[in-house]
Amino acid sequence: MVNIPHHLSRLSWRVWSIGSDNGRIAKTGVARETLSPQWAARFLAELNEAPADTIRPDDHLPGYFNEPRPAEMAYLNGLNEYRAVTPSLLAALGEFLDENRARLDDYLGHS
């Protein structure tokens with residue numbers, strides 16, 4: 001029996017990643033490299049300053065896992081600590097991506 005959601009997810013990934021999924025990360029799905037102490041401290045500070053949040057059934061994009069059942073949502077929210085994505089966190093992420101563009105392009109096979 002075909003798992004339709006899985007099949008559609010894999011199909012959409014293949015279409016989206018044409019020509020961009022051939023770097024070192026394509027072999028394992030992981031690029032292991034630690035963050036610099038400065039970036040680690042900045043991201044930690046950004047996350048600690050972000051307000052606590054919860055996940056809701058509508059917090060997903062098509063093709064990603066969605067848990068709409070109230071009891072399971074309550075369990076996930078009780079078990080995990082979620083933080084809101086703030087403008088300053090997005091700015092920090094943008095700076096990180098700009099600073100590490102060449103390394104990321106190498107991982108993804110863009111260079």
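## A partly exposed arginine

R56 has a relative accessibility of 37%, so it counts as partly exposed. The scale is simple: buried means under 20% relative accessible area, exposed over 50%, and partly exposed in between (1.4 Å probe, protein chains only). D53 is also partly exposed, at 32%. The side chains of R56 and D53 meet in a salt bridge, with 3.4 Å from N to O.

The model is predicted: local features need pLDDT of at least 70, side-chain atom pairs count only at pLDDT 80 or more, and totals for chains, interfaces and linings use all residues. Residues are numbered from 1 along each chain as its sequence is written, and side-chain values use heavy atoms, leaving out hydrogens and water.

## Salt bridges

Side chains of opposite charge can pair when their charged atoms come close. The structure holds five salt bridges (a side-chain nitrogen of Lys or Arg within 4 Å of a carboxyl oxygen of Asp or Glu). The bridge between R56 and D53 is one of them.

Another joins E72 and R69, where the closest N and O atoms are 3.7 Å apart. E72 is partly exposed at 29% relative accessibility. R69 is partly exposed too, with a relative accessible area of 47%. E81 and R83 also form a salt bridge, and their closest N and O atoms lie 2.7 Å apart. Here E81 is exposed, at 61%, while R83 is partly exposed, at 28%.

## Aromatic pairs

There are three aromatic pairs in the structure. Rings of Phe, Tyr and Trp (its six-membered ring) pair if their centres lie within 6.5 Å; planes under 30 degrees apart are stacked, over 60 edge-to-face, and the rest tilted. W39 and F96 make an edge-to-face pair, 5.3 Å centre to centre, with 85 degrees between the planes. W39 lies in helix α3 (residues 37-49) and F96 in helix α5 (residues 87-99), so this pair ties together parts that are 57 residues apart in sequence. Helices (H or I, at least four residues) and strands (E, at least two) are DSSP runs, numbered from the N terminus.

Both W39 and F96 are buried. Ring pairs link these two residues and F43 into a cluster.

## A nonpolar surface patch

V85, L90, L93 and L97 form a nonpolar patch on the surface. Together they have about 360 Å² of accessible area (Shrake-Rupley method, 1.4 Å probe; for residues, only the protein chains shown count as cover). Patch residues have over 30% relative accessible area and no salt bridge; like charges are joined within 9 Å, and nonpolar side chains (Val, Leu, Ile, Met, Phe, Trp, Tyr) within 5 Å.

V85 sits in the loop between β2 (82-83) and α5. V85 is exposed, at 58% relative accessibility.
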